[in-house]
Amino acid sequence: MNTPIVHTVLLAERFDCGTTSWAVSSTTNAHYTMQIHKNCSVGECPAKTAAFGLLASEKKLVPDSGRS
Ligand SMILES: [Zn+2]
């Protein structure tokens, strides 16, 4: 599942805030996206929002608020 990313995909796609397909193609890529877009805001950056949503849905992220 967690195979190394060896795609020759355009690097720019990973850094483009408007590209969400790469971000959600795997949880590994979603983690990368979160790091790449660490200065972006969820809700404003489509790529980070998509990655965040994927990780959250797969319980890969633990929200630091709203804990019950
Ligand atoms: Zn971004």
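A crossing of two helices is left-handed if the near helix is turned anticlockwise from the far one by less than a right angle, and right-handed if clockwise. The model is predicted: local features need pLDDT of at least 70, side-chain atom pairs count only at pLDDT 80 or more, and totals for chains, interfaces and linings use all residues. Residues are numbered from 1 along each chain as its sequence is written.

**Exercise 1. Describe the elements of the protein and the confidence in them.**

Step 1. Helices (H or I, at least four residues) and strands (E, at least two) are DSSP runs, numbered from the N terminus. The protein has 3 helices and 0 strands. Along the sequence the pattern reads α-α-α.

Step 2. Confidence is given by pLDDT, the predictor's value for each residue, from 0 to 100. The average for the protein is 81, and 68% of the residues score at least 70.

Step 3. Among the elements, α3 has the highest mean pLDDT (95), and helix α1 (residues 11-15) has the lowest (70). Where pLDDT is low, the predicted coordinates should not be read in detail.

**Exercise 2. Work out how α2 and α3 pack.**

Step 1. Axes are lines fitted to C-alpha atoms, for helices over the stretch in contact, and angles run from 0 to 180 degrees between N-to-C directions. Helix α2 (residues 27-36) meets helix α3 (residues 46-57) at an angle of about 135°, and their axes are 9 Å apart.

Step 2. Angles under 35 degrees count as roughly parallel, over 145 as roughly antiparallel, 65 to 115 as roughly perpendicular and the rest as oblique. The angle therefore makes α2 oblique to α3.

Step 3. The crossing of α2 past α3 is left-handed.

Step 4. Two residues are in contact if their C-beta atoms, placed from the backbone, lie within 7 Å. On α2 the contact is made by T27, A30, T33 and M34, and on α3 by A47, K48, A51, F52, L54 and L55.

Step 5. Ala, Val, Leu, Ile, Met, Phe, Trp, Tyr, Cys and Pro count as nonpolar, Asp, Glu, Lys and Arg as charged, and the others, Gly among them, as polar. The contact of α2 with α3 has 7 nonpolar, 2 polar and 1 charged residues.

**Exercise 3. Classify T27, P46 and E58 as buried, partly exposed or exposed.**

Step 1. A residue is buried if 20 or more other C-beta atoms lie within 10 Å of its own, exposed if 12 or fewer, and partly exposed in between. Of the 68 residues in the protein, 21% are buried.

Step 2. T27, in helix α2, is partly exposed because it has 16 C-beta neighbours inside 10 Å.

Step 3. P46, in helix α3, is partly exposed because 16 other C-beta atoms lie within 10 Å.

Step 4. E58 is in the segment after α3. With 10 C-beta neighbours inside 10 Å, E58 counts as exposed.
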